Structures are given as C-alpha cells and as structure tokens.
Amino acid sequence: MSYYQSAEGRTASLISPEGRSEEDQRRIREAASAVFSALDAHKRTLYPLTIATFVVSILLVIFTVRALLARGFARSAVVQLITVQAILVIALFVRDRPVREAD
C-alpha cells in the first residue's frame with residue numbers, strides 16, 4: 001500500500017535524527033526520494049502487476065494442494081498457473097527496472 005503514499009511522507013518516516021549527521025540524513029533523504037519518485041512514476045503498472053502476482057500465488061498454493069490430493073484437473077491448472085506466474089515475474093522485472101536503477 002505504500003504506492004498510495006507520497007514520496008515526501010515515506011521519506012520522512014525513514015529518517016530519524018538520532019545518531020546520524022546532517023550529511024548522512026541528506027544522503028538518505030536523496031536516495032529514498034529517488035526510489036520513491038521512481039515508484040510513484042510507475043505505480044500505474046507496478047501496482048496491478050504486484051496484485052496479479054499475489055493472486056496467482058494464492059491460486060497456485062490452492063491448486064497445488066488439490067493436485068497433491070489428486071483432485072480433477074488440478075495438475076493442469078498448476079502448470080498453467082506456473083506459466084502465468086513466470087510471465088508476471090518477467091513483466092515485473094522489466095517494468096521495475098527504473099526503480100531498481102534508482103536504488
């Protein structure tokens with residue numbers, strides 16, 4: 001849900017002045033701001049892909065248990081879900097590049 005917060009709000013929560021110099025706080029603020037700005041710029045695609053990956057993962061667990069119990073078409077569903085999961089992971093990797101570069 002951090003996709004819906006502003007970059008400034010998330011950056012402020014990372015920095016506590018205790019035990020850090022002004023220079024360290026400035027560098028942390030700049031690095032965090034770069035990452036959160038990249039997340040904000042790409043949240044229209046990253047957030048739906050992340051939710052889709054989560055839903056497919058839950059379905060994969062459910063159908064894997066069903067396949068272990070030898071239920072109906074569960075094995076073929078597991079193979080299909082693994083394929084969809086692989087496609088989603090590749091899509092997330094490709095779309096997440098600016099965020100990784102900002103890190």
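View 1. A70 is exposed, with a relative accessible area of 58% (exposed means over 50%, buried under 20% and partly exposed in between, with a 1.4 Å probe and protein chains only). The model is predicted: local features need pLDDT of at least 70, side-chain atom pairs count only at pLDDT 80 or more, and totals for chains, interfaces and linings use all residues. Residues are numbered from 1 along each chain as its sequence is written, and side-chain values use heavy atoms, with hydrogens and water left out. A70 lies in the loop between helix 3 and helix 4 (helices are DSSP runs of H or I with at least four residues, strands are runs of E with at least two, and both are numbered from the N terminus). What is the phi of A70? A70 takes a positive phi of about 60°, although it is not a glycine. Most residues other than glycine have a negative phi.

View 2. The protein has 5 helices and 0 strands. Read along the sequence, the pattern is α-α-α-α-α. Of the 103 residues, 27% are buried.

View 3. Helix 3 has 26 residues. From its first C-alpha to its last it reaches 37 Å, close to the expected 38 Å (1.5 Å times one less than the number of residues). Its buried residues are L46, Y47, L49, T53, V56, L60, F63 and A67. They pack against helix 2, helix 4 and helix 5 (97–102).

**View 4. The largest nonpolar core has 18 residues.** A nonpolar core is a set of buried Ala, Val, Leu, Ile, Met, Phe, Trp, Tyr and Cys residues joined through side-chain atoms within 4.5 Å. Those with the most contacts inside this core are L39, L46, F63, V78, L81 and V99. Helix 2 (22–41), helix 3 (43–68) and helix 4 (74–95) each supply at least two of its residues. V99 touches V35, A38, L39 and L46, not counting residues up to four places away in sequence. In soluble globular proteins, nonpolar side chains tend to be buried together.

**View 5. F63 and F73 form the structure's 1 aromatic pair.** The pair is tilted, at 6.0 Å centre to centre and 50° between the planes. Phe, Tyr and Trp rings (the six-membered ring of Trp) pair if their centres lie within 6.5 Å; planes under 30 degrees apart are stacked, over 60 edge-to-face and the rest tilted. F63 lies in helix 3 and F73 in the loop between helix 3 and helix 4, so the pair ties together parts 10 residues apart in sequence. F73 is exposed, at 56%.

**View 6. Q85 and R95 both lie in helix 4.** Q85 counts as buried, at 17% relative accessibility. Leaving aside residues up to four places away in sequence, Q85 touches T53, V56 and S57. R95 counts as partly exposed, at 33%. Beyond its neighbours within four places, R95 is in contact with H42, T45, L46 and L49. The C-alpha atoms of R95 and L49 are separated by 9.3 Å, and the two residues are 46 residues apart along the chain.

Definitions and conventions
Contact means heavy atoms within 4.5 Å.
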